Amino acid sequence: MKSPILLAMNLQCRTELALNYKAGSQIARVISEDWCSRELYCAACSSDGLVSSRVNTPAIDFVCPECDQCFQLKSFKTWHQKKIPDAAYDSMLRAIRSDRVPNLVILQYSTGWLVKNLLLVPSVFLTETVIEKRAPLGPGARRAGWVGCNILLHRIPRDGQIRVVANGSAVAKREVREEFSRVRKLAEVPPSARGWTLDDLTIIRKLAKPRFSLQELYGLERYLQNIYPHNRNVRPKIRQQLQILRDLGLIKFIGRGSYAVRA
Ligand SMILES: [Zn+2]
């Protein structure tokens, strides 16, 4: 049996791989992909490794050999807490609407190439609400006219931002897998309706209370109205989504317009 020390995540990347490349972005990609192929495990099942798949599918970097979950890797030295740049806007929308978005892995490395933070966003949290269309690239750009998108992390509830590495230390695998399995049932909500379900969860999380009332949620109505400016039924929507969140086991109804978040 391996010793616990050998089983722990090694957060140091192999910097010698950089010698074969010149461009900074390419170096970052090669080094972070190498690290993931050695250290990253599947959060959805008990597989302790993922298989690189980039050659065949540009949007998917890793696949779990046991349960087929797909993962896309984004790595940054500095990362904006609010939004991160992603791929083409149109193809992202298509992927969301047909429920084919991979899980997102956001890796932040230090100057010395230690993995500092690693965030896993389960694919169910990547809804149209969290995708922002960027301005087309200008005429001087190599891909002039190309339209990319940003992922708005601040619109993803913390249930959808699972920490695998936090401030330079690895979170226990068991904890990561528990977090992932807690939100897995959200996949049962069709992608066309899931946006509202998650927006409701976002405002519940914004309250930051273990128990809350419907009136308190209504207090955050404006947040949802900004996302859906033409919708005149925000309050009924809030109530409808509470029932869905209850059926998914994420909240509990305590009665008299009171609710509790399930840990
Ligand atoms: Zn798996």
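Thr15 lies in the loop between helix H1 (4-7) and helix H2 (24-39); helices (H or I, at least four residues) and strands (E, at least two) are DSSP runs, numbered from the N terminus. The model is a predicted one, in which local features need pLDDT of at least 70 and side-chain atom pairs count only at pLDDT 80 or more, while totals for chains, interfaces and linings use all residues. Residues are numbered from 1 along each chain as its sequence is written, and side-chain values use heavy atoms, with hydrogens and water left out.

Leaving aside neighbours within four places in sequence, Thr15 contacts Ile31 and Trp113, contact meaning heavy atoms within 4.5 Å. Between Thr15 and Leu114, the C-alpha to C-alpha distance is 9.8 Å, with 99 residues separating them in sequence.

Asn117 belongs to strand E6 (residues 115-121). The side chain of Asn117 reaches the backbone nitrogen of Asn167 at 2.8 Å. Residues touched by Asn117, not counting those up to four places away in sequence, include Trp79, Ile106 and Arg163.

The two residues compare as follows, where buried means under 20% relative accessible area, exposed over 50%, and partly exposed in between (1.4 Å probe, protein chains only).

| Residue | Relative accessible area | Class |
|---|---|---|
| Thr15 | 38% | partly exposed |
| Asn117 | 8% | buried |

Cys42 and Cys45 are both buried as well. The zinc ion is coordinated at 2.3 Å by the SG atoms of Cys42, Cys45, Cys64 and Cys67, donors being N, O and S atoms within 2.8 Å of the metal (3.2 Å for Na, K and Ca). The donor residues follow the spacing C-x2-C-x18-C-x2-C in sequence.

Note on methods. Polar contact = N/O pair within 3.5 Å; in protein donor to acceptor, adjacent residues only side chain to side chain.
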